[in-house]
Each structure stands twice: as structure tokens, then as C-alpha cells.
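How do two chains of one model meet, and what can be said about the place where they touch? The report below takes up that topic.

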2 protein chains.
Amino acid sequence: MVRQNLARRAALVDAAIEVLAAEGARGLTFRAVDAQAGVPTGTASNYFASRDELFTQAGGRIYERLQPDAQTIAESLSGPRDRERVVRLMIELVDRISAFTPGYLALLELRLEATRRPELRAVLTERIRADVEANVGYHLESGLPGDATSVELLYLAMNWLVVERLTLPDVFGEDKIRELVRQAVERILP
Amino acid sequence: MVRQNLARRAALVDAAIEVLAAEGARGLTFRAVDAQAGVPTGTASNYFASRDELFTQAGGRIYERLQPDAQTIAESLSGPRDRERVVRLMIELVDRISAFTPGYLALLELRLEATRRPELRAVLTERIRADVEANVGYHLESGLPGDATSVELLYLAMNWLVVERLTLPDVFGEDKIRELVRQAVERILP
DNA sequence: ACCGTAGTACTACAGATGGAGTGGTGTCAA
DNA sequence: TTGACACCACTCCATCTGTAGTACTACGGT
């Protein structure tokens, strides 16, 4: 029988994210999720019909957890709308993502797994397209400098910057990363 | 006994790259390499002392195979040194990487695996740092427009663009990708 | 206060897969 | 003849899935 305990279901999905980051996509098994969540063996089996469901639900959940909280958004809407503000927003973005390292690594694992699972690919494509569009829309409405293309280019650069930082931190140092964020904004924005 | 047949060893490393792309890091096993290379079970065990060695050797090999060939380099050194040339170089870069999809996907798998294997992390850090430096050096010496930071920013943007293209091709379409390459160059270069 | 029922938590087991490591045999060439 | 190698076989071990079954808990009805 499929279990309905929503708190436990959420805890299992969060555990799945941790497992993805720590063990990779192929390590995402019912057993591993059980262990990570600290619940008895067999529990995840009772909550998810298949591994595929584990992947798609993790993919749906990660984006919720990577979003800025209300306070961060509110702060970003105050003050001058200049390039310096965008620099600070981007630094905040990179730091926020880095603070949820397992989530971002899990997202990369899911992207790679999406090349093998059509259903997961559909979920991620939908989420990420919406995220990019939301960022563009937010940026344009807020009166910050830069057009849609600027936002997309910043999206590209910031994403890979985070990849570098999280996977091979010694390629660029911390200082260099901050500097690259600043330079990216200053050169990409008109 | 450790085997010395270099041709076969190379074939096994190349097979390892294919396995990484197709099965993920955790799927990189001696058995899987044997199967991919079409050699009898147990062969990879005779050539590599451990899975770790398989990872590091794959990491070392991928970058050789992602480099442009001599002809491409020669062509890039002829003609005018303007932004349009850089646009074409970047499009060539993105297409060349996309043409070796398993290699790039394997590299992503290796980056993720590097968060768990210090030895692999050291190898990749070394290779990638050298690659970035080489690109910067090449760019500056060739008289193309743009400074070191420009090259680094293009590196960031192009890498994630390839990630998008290879993992979730429907987020941006093909045309959009070309357009983003062009826009990246035009905005990042002075 | 009692009891039945539904939904869960937890345990256990059956069945199956797949991989690591190693030893041995046959082959070929110097 | 000797050394290196291709190929094959076998043992041991770790792990996963799927499901059945038991124990617990809360809650509504009486």
C-alpha cells in the first residue's frame, strides 16, 4: 500500500537529494535513501513505486530549495537599480547555491541522468525553462540594467562558475571567483 | 602481472570514457569496460590496479581528445583578427565538443566523482588549469580582441552552454544556442 | 471506557544480479 | 625455451528489489 505520511515523504525526497550528491545517480537506491533518512529498510519502497519516481520527485524538489527566501527577494527590491546592485545579487546567488552544495551537485547528477531517463528529462526541462524565464521576467520588471539576453548570459556564466567552485575549487580560488562574478556583470550588462 | 600492450591499454581507457558517459561514474567497473571494449572478462583487471586508476587515466585522456586538431588550429590563425572571427571560433568550439558528446559527459561525471576522489581531483585540477591557461595564452598571442578575463568569461559561458545543449537540449533550441554564442562574444569582448 | 479498523512502522526473507580478484591454460614470438 | 599476453573459469562477496507479514497507534463509533 502506498503511504500518505507527507512529512515522511518529504524527508525521504530530501534524503534522496543527499544521496544523489554523495553517491551519484546510480547510487540512488531505495536502500540508500532509507539509510540516509534514518528509517528502516524497506520504507522508501513503500513510498515510491520505482526508482524512476525517486528521480523525478527529487528533480521537482530541488528547485524549491534553491529558490531565494522571501527576505532575500525583498532586500533585492530596495535601493538603487544599478550594476553594482546586480553584482551583489550575483554574489548572493553564487553563495546561496554554494550553501546548498548537495542540492546543486544533485542537480548536476540529475542532468546527467536525464540523458538516460526521458521522464526525468521532461521534468527538468520544464523546471529549468520556468526558472530561466522567471529570472528574466524578474530582472526586466525590477528595472535593473540589462535585457533578456544579459540575464541569459549571466545565467550561463554563473552556473559554470558554481560548477568550478563546487567540483574543482582549486582551479579558480575564492578571490578569483568573486572577481569573475564582478567582471561578468560589468562586461555583460550594457 | 601488469600488461604492457599500449594499444590495448588505450582502447580500454577510451572504452572507460564511453562507459562513464553511458552508465555514470558508479557504472565504471572493470566488467563494464571489458564489455564496452569487446574484450574478455577480466582484461581490464589485468591492465589497471584499481578502479581509481581507471578514473584518473580517463581524466587524463579526455582532454587529449577534446583538443582541436592541427588543421583547425592552422585555420584559426589565418584571416582577420576581429570579433567575428572569435564568434566563429566559439561556434567551432561548441560544435567540436558536441561532436564528442560521450567525452564531455564523461568529463562532467569525472568532475562529480572528483568530489569523492582526491587523486582524481588533483589530476583534473591540473589538466583544466593548464587548459584555461593555454586558451588564455593562445588568445593573447594570436592578436584576437579581448584580455585574459574575456577568455575566462567566455570559458564559463561556453561550458554551461554545452551542458545545456547536451543534457537538456529543449531548454534552449539550436538557434538560440548559436545566438547566445554570438551574443556572449559581442558583449564580453571589448 | 471499550473496541474495531485503517494506516503505518518495522522486520524478515526469497530471489537474483553483478562485481572483484585470481589462478590457470593455451598461444605466439624472440 | 622463455616471457608476455589473451582468454577463460571459478569463488567469494556485497547489494538490490519486491513483497509478505507482524506490531503499533490513533481515531471514530458505541
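What follows describes the contact between the two chains and then the relation of the copies.

This is a predicted model, and in it the contact between the chains draws on 46 residues of chain B and 47 residues of chain A. The area buried between chain B and chain A comes to about 4200 Å², with carbon and sulfur atoms giving 65% of that area.

| Item | Value |
|---|---|
| Salt bridges across the interface | ten |
| Residue pairs in polar contact (both at pLDDT 80 or more) | 20 |

One of the salt bridges joins the side chains of A:Glu164 and B:Arg111, with 2.7 Å from N to O. On the side of chain B that touches chain A, at least two residues each come from helix H1 (6–23), helix H7 (101–114), helix H8 (118–141), helix H9 (148–167) and helix H10 (174–188) of chain B. H9(B) gives the most to this side, with 14 residues. Sorted by class, the side of chain B that touches chain A holds 24 nonpolar, nine polar and 13 charged residues.

As for the relation of the copies, chain B is superposed on chain A by a rotation of 180 degrees with 0.0 Å of shift along its axis, at an RMSD of 0.1 Å. That is the relation of a two-fold axis. In chain B, the C-alpha of B:Ala157 is the one nearest the axis, at 2.2 Å from it. Because 100% of the interface residues of chain B are also interface residues in chain A, the copies meet through the same surface.

Methods. Residues numbered from 1 in each chain as written. Chains lettered and ligands numbered in written order. Predicted model: local features only at pLDDT ≥ 70, side-chain atom pairs only at ≥ 80, totals over all residues. Heavy atoms only, no water. Contact = heavy atoms within 4.5 Å. Buried area = accessible area lost by both parts, 1.4 Å probe. Salt bridge = Lys/Arg side-chain N within 4 Å of Asp/Glu carboxyl O. Polar contact = N/O pair within 3.5 Å; in protein donor to acceptor, adjacent residues only side chain to side chain. Helix = DSSP H or I, 4+ residues; strand = E, 2+ residues; numbered from the N terminus. Nonpolar A, V, L, I, M, F, W, Y, C, P; charged D, E, K, R; others polar. Least-squares fit on C-alpha atoms with pLDDT ≥ 70 in both.
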